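Some notes on this model follow, for your reading alongside the coordinates.

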Amino acid sequence: MAPVPYHIYPCGDHAITIELGVEIAVSINQKVIALFHYLTKNPLEGVKDIIPAYTTLTLVYDTSLLKKKYPEISVYERMSLRLQQIVEQVTTEVASASVTVKIPVCYDLSLAPDIASLAEIHQLTTAEIIQLHTGKTYRVYMIGFLPGFAYMGPVDKKIITPRRSEPRKWVPAGSIGIAGEQTGIYPFDSPGGWQLIGRTPVRIFDPGKREPCFLQPGNQVEFYSIPIAEFAKLQNT
Amino acid sequence: MSLRILKNGVLDAIQDAGRYGYQHLGVNPGGAMDPVAMRIANALVGNDPATAVIEMHFPAAEIEFEEPVLIALAGADFSASINGEPVPILHPVLVSKGAILRFGKKQTGARIYLSVQGGFIADEWLDSYATNSKVKAGGFKGRALLKRDQLLCKNKRVPIISHPNNGYKILPWRAKITDLYVEKIIRFIPGNEFAFLKDLSKQQLTTTYFSITQESDRMGYRLAGNDLFMTAKKEMISTATSRGTIQLLPSGQLIILMADHQTTGGYPRVGHVISADIPSLAQLPAGEKICFEQVAINTAENILLEQEKTLQQIQNACSFRLSHY
């Protein structure tokens with residue numbers, strides 16, 4: 001891998017961020033995820049969390065522990081040096097290793113309160129919107145906002161839609177939304193401003209499981225359309 | 001050993017040092033808002049520093065102890081009483097079976113922590129007992145404590161000291177916490193977008209007061225003060241946040257992210273409150289005014305190390321006193 005331009009900065013006195021680009025792009029996010037996997041497999045001393053985002057990776061660390069152990073140097077400086085060494089070593093051979101997850105979605109009007117207005121805005125039929133949304137493989141760039149909320153994209157240019165001007169006070173769990181070029185699934189009932197075009201019966205976040213999160217950063221996701229009868233059946237299982 | 005909630009308070013819940021290792025899945029760390037008070041409460045009863053405690057807000061719960069146990073209170077002062085007689089915070093207190101803990105008036109602070117010797121038996125979720133009420137997991141059934149809830153404790157040894165008739169005994173030592181908290185001047189390090197603040201806004205950030213508004217909770221403190229402005233509208237791509245991150249909202253007002261903060265966010269980060277001052281901030285109730293003082297990251301680390309040493313001394317002193325009592 002060619003040397004990556006990067007920028008390292010503190011995210012508080014107990015976290016450090018490395019930024020590997022300044023735009024939402026698959027190539028940049030692949031580098032973020034490669035670094036995430038590397039640091040998960042080769043953990044740095046004192047690191048408590050590793051948070052990948054679109055273009056950044058943030059390490060949350062135990063400042064007291066590290067400062068006690070290495071009092072002569074700033075913990076941040078030490079982390080920064082380690083990150084610089086690592087980023088220059090790590091290669092991005094992840095695309096081949098990424099997992100593809102297929103998710104059933106019911107696009108029935110009763111579960112898709114914004115699909116009709118999207119069709120109108122974009123001069124498409126709802127069937128075309130469904131076809132465009134199910135016709136692409138999306139990348140999970142990052143998980144944030146709520147436990148298990150995956151930020152995926154990019155959606156087809158024809159259905160890029162800004163967030164609703166008035167966010168909803170209540171969006172049911174499983175709702176599939178579009179915000180700009182992103183698409184996502186609400187793991188919990190929550191307030192939200194994304195344009196809702198369908199709902200999945202899959203439980204996106206299950207606290208009872210040892211791996212509670214259905215999706216992981218770096219996953220590939222494909223949606224497929226199911227009729228409402230099947231939605232009801234799957235939701236009850 | 002067990003205790004029972006006779007009357008519920010406002011969002012009283014089991015917390016510990018937080019749930020780390022799952023932020024890449026969007027699971028926030030949570031845990032005690034004031035980790036220093038949690039540690040003091042644990043130190044006083046001889047627990048490990050990160051043992052689960054009950055975090056209470058005002059008005060706090062009324063609690064009956066169903067067996068004798070050693071307890072301690074730390075953090076806010078809500079005029080605690082046992083069986084109607086005042087008991088101080090920051091002391092270990094032996095309570096008898098049937099003793100009832102109540103709280104009267106809010107004196108200082110915003111959150112009080114109750115520890116019991118041995119700790120509570122609570123639900124563990126993703127390596128932590130902290131209550132996550134969004135996911136409804138961890139702590140006590142993943143929710144705030146309610147009337148009639150019974151909490152079991154891991155207490156192994158029943159206190160052998162004979163009790164006075166009034167049902168409690170205050171042990172004669174007190175944790176000295178004066179060096180652990182600051183008053184109203186909250187220190188921060190500049191955030192990645194600090195440089196994009198207008199000069200006047202930078203100046204106002206460190207020279208004017210900001211009030212903690214009523215819209216402040218475990219997720220974040222919304223402040224009210226001068227509107228602050230960026231030199232240019234910077235389109236942000238969502239990235240990680242951390243506890244103490246000071247975000248500039250589109251309205252020009254600030255929000256400080258607290259224990260239950262979202263793991264990622266897309267607002268400019270003008271600064272980050274230093275870890276050592278998070279406990280002080282957590283004890284400031286809505287309506288209080290704060291001002292910000294800028295420090296270097298190296299200074300922040302050194303202040304935290306000093307705080308850590310003080311906490312360690314208190315921990316050692318408490319365990320020495322307990323073992324010789």
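1. On the side of chain B that touches chain A, H4(B) gives the most, with nine residues.

2. This is a predicted model, in which local features need pLDDT of at least 70 and side-chain atom pairs count only at pLDDT 80 or more, while totals for chains, interfaces and linings use all residues. Side-chain values use heavy atoms, with hydrogens and water left out. The model scores ipTM 0.95 and pTM 0.94. Chain B has a mean pLDDT of 94 (the predictor's confidence in each residue, from 0 to 100).

3. About 3600 Å² is buried between chain B and chain A, 61% of it from carbon and sulfur atoms (accessible area, 1.4 Å probe, that two parts lose on being put together, summed over both). In chain B, His24(B), Leu25(B) and Glu301(B) lose the most area to chain A, together 18% of what that side buries.

4. Glu301(B) also forms a salt bridge with Lys67(A), with the closest N and O atoms 3.8 Å apart (a side-chain nitrogen of Lys or Arg within 4 Å of a carboxyl oxygen of Asp or Glu). The rule finds three salt bridges across this interface.

5. Chain A has an open sheet of four strands in the order E1-E2-E4-E3, with antiparallel pairing (strands are DSSP runs of at least two residues, helices of at least four; two strands pair if DSSP finds at least two bridges between them). Strands E1 (7-10) and E3 (47-52) of chain A each have a single partner strand, so one side of each is left without a neighbour in the sheet.

Methods: Residues numbered from 1 in each chain as written. Chains lettered and ligands numbered in written order.
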